[in-house]
Amino acid sequence: MADPNQDNLYAMRHSLAHIMATAIQRLWPGVKFGVGPVVENGFYYDVDLGPDAKLSEDDFEKIEAEMAKVIADNVPFERSQKPVDEAIAWAKENGQPYKEELLNDLKRAGTTLAKDLDAAELGTIAEGDVQVENVSFYKDGDFTDLCRGPHVESTGKVGAFKLMRVAGAYWRGNEKNPQMQRIYGVAFGTPKELRQYLDMLEEAKKRDHRKLGKELDLFVFSDLVGSGLPLFTPRGTVLREQLTLFAESLRRESGFERVSVPHITKTELYKVSGHWDKFGDELFLVESQETSDKFALKPMNCPHHNQIYASLPRSYRDLPLKYFETTTVYRDEKTGELGGLSRVRSITQDDSHAYARPDQVAEVVAGLITDVQTLYLTLGMSLRARLSFRDDSDKYLGEPKLWDEAQATIRELAQTNQLEFFEATGEAAFYGPKIDFMATDAIGREHQVATVQLDFVQPERFGLEYTAEDGTPQRPVMVHCAILGSIERFLSVYIEHTAGKFPIWVAPEQVRLITVNQEEDTVAFAGKILDQGKTLGLRISVDNSNESVGKKIRDAEVWKVPYTVVIGVKEISSERMIPRVRKDMEVIATHPEMNFDEFLKTVANESKSRVTKTSL
Ligand SMILES: [Zn+2]
Ligand SMILES: [Zn+2]
């Protein structure tokens, strides 16, 4: 699915990485370069200015000005080739040890990707068998770089860019290696597109969930509890609860039954499942003072649910068996990678596992796709799906016939459910094909959210069976699904999507009553309305403070309360009122004036039916 515009943008961004390196080399001639790839919306380059020098954002103006010169010169990007040993000699002569290391890896293993290389050999001198004979270089003016390309024709053809930030980055991501500086830039085809992107970032800053989390008192962190372990306040807990209840109601309607498992397990379980080998270093280990068994905090729920499935003999008539649970898993993420709710160590999932006969997979997956669509439609986010399929390599486990059928089923379901989707060959998990859903938020950013994953491997590893109609034992297919995914991560997305202006059914505080004075009548009346609202299940409060009405109304605005009702002499005598509706809320029909009872019941109905527009 090559898109010429995307390809050109890629070449532009990559060329800008070279242009930035060109500029930096002119300004700091001794600079040593690491890698300079294209990333989302732009590019970066890792540089090492030596022990005594450091780049800062104050240097960006100078670097950008030098880059502008390179661009104005419009010199061609010239490709050349060197035998790999000559290239290594070139890197040595030019004082580029990082490039030298990359070239040695390339020569020995045919790749420079640290994750694909033998750790023991990484960064050593290549001797013996040679995987790569020649390597390519690109030159723009006075700067030459080891590179595979592609590039734009000349330095003048790179669109609009801006340097954004500089961060520390260990060489090859390993903290034992020297720390370099990573300079990020963004780039787009036109100045207008760059402007739009920068405006979006400004808006994103205002909506930052960490900032709003504080302002709206939703969650906190405590040094005593530890990083990556968010604590949710009463208001934040309402958010979690409302979103979870919604996801759970969809599960129930689709025939899922709730199960419940403990948060620790013997590590054996993860050895059987195969997760120990893959995720061993992400596990929190727990010690018993009583037995010598080793325990871990669960990093996922599937192996536990499998044990419930395996606890009874199952017949073809029992399937599909569908379990769901909203529960927390724990992963020992690196401290440096934690951030707000986006990346945490206690991850709450709205997880489900269905065990189905092969002929039932379509029905199960169809139900899950519908549930995902219902939830995101209600939240006002549009969805796109990536169908992650296998390629021809041998890294996939399970019968090829099962794979082919499952992939055909998924494709067909995506079409019949009118999902916007694309296929990604080679992106499947080793255990089965999957659907990854991406939701677009209010400012156009796409976030990976729900997943539906087929699994042919865990049933095998755990020896899960059912008795088929002909009496033979058969393996069920397992279908994993999370609709919200990680609730913490989802909240980081959702808080920013709404900018904290939650719809009625999610809002921690739905109605705020404001008294005009502290007189007995007023206070009593407000108290009566408060009780009525609570009886209807509303999240309602009274502001009876000694402040002016104007100040109280502004306060309610700051807290982004959907409905505010002022209670004064007129309201008390007539028992009628006009609610103030939060400005962003779309009104479908306005009432001039209504009695309190009618108002409270309408809000309760709106909340129950999860409306996105108000009729008040
Ligand atoms: Zn390049
Ligand atoms: Zn699972």
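Ala, Val, Leu, Ile, Met, Phe, Trp, Tyr, Cys and Pro count as nonpolar, Asp, Glu, Lys and Arg as charged, and the others, Gly among them, as polar. The views below use these classes. The model is predicted.

**View 1. The second largest pocket is lined by 45 residues.** By class, 17 of the lining residues are nonpolar, 15 are polar and 13 are charged. M300, R331, Q349, Y431 and Q453 lie nearest the centre of this pocket. The volume of the second largest pocket is about 1,300 Å³. Several helices and strands supply at least two lining residues each. Among the helices are α9 (275-279), α13 (458-461) and α14. Among the strands are β16 (346-356), β17 (382-389), β19 (434-440), β20 and β23 (477-486).

**View 2. The largest pocket holds about 1,900 Å³ of space.** Its lining is made of 40 residues. Look for E40, N41, Y197, L201 and R445, which lie nearest the centre of the largest pocket. Which helix gives the most to the lining of the largest pocket? Helix α5 does, with seven residues. Helices α1 (4-27), α5 (191-207), α6 (209-215) and α14 each supply at least two residues of this lining. By class, the lining of the largest pocket has 15 nonpolar, eleven polar and 14 charged residues.

**View 3. The largest cavity has a volume of about 70 Å³.** Rolling a probe the size of a water molecule over the atoms shows where empty space is left. Here the count comes to one cavity of 30 Å³ or more. The lining of the largest cavity includes L216, L218 and R235. G500, F502, A507, P508 and E509 also line the largest cavity. W559, K560, V561 and P562 complete the list. These lining residues divide into eight nonpolar, one polar and three charged.

**View 4. Helix α7 packs against helix α14.** Helix α7 spans residues 234-253, and helix α14 spans residues 487-498. Their axes lie 11 Å apart, at an angle of about 105°. Angles of 65 to 115 degrees count as roughly perpendicular. The two helices, α7 and α14, are therefore roughly perpendicular to each other. From α7, the residues in contact are L239, R240, L243 and T244. From α14, they are I487, E488, F490, L491, Y494 and I495. The residues of this contact divide into seven nonpolar, one polar and two charged.

**View 5. The peptide bond from G149 to P150 is cis.** Omega of this bond is near 0°. Where does P150 lie? P150 is in the loop between β6 (143-146) and β7.

**View 6. The peptide bond from L319 to P320 is also cis.** Omega here is near -5°. P320 is found in the loop between α10 and β15 (321-330).

**View 7. D217 has a positive phi although it is not a glycine.** The phi of D217 is about 55°. D217 has its place in the loop between α6 and β9 (219-220).

Notes: Residues numbered from 1 in each chain as written. Chains lettered and ligands numbered in written order. Predicted model: local features only at pLDDT ≥ 70, side-chain atom pairs only at ≥ 80, totals over all residues. Heavy atoms only, no water. Axes fitted to C-alpha atoms, helices over the stretch in contact; angles between N-to-C directions. Helix = DSSP H or I, 4+ residues; strand = E, 2+ residues; numbered from the N terminus. Parallel < 35°, antiparallel > 145°, perpendicular 65-115°, else oblique. Contact = heavy atoms within 4.5 Å. 1 Å grid on protein atoms, 1.4 Å probe; cavity = no way out; pocket = protein on both sides within 12 Å on 5 of 7 lines; lining within 4 Å. Points joined across faces, edges and corners; volume = space filled by probe spheres on them.
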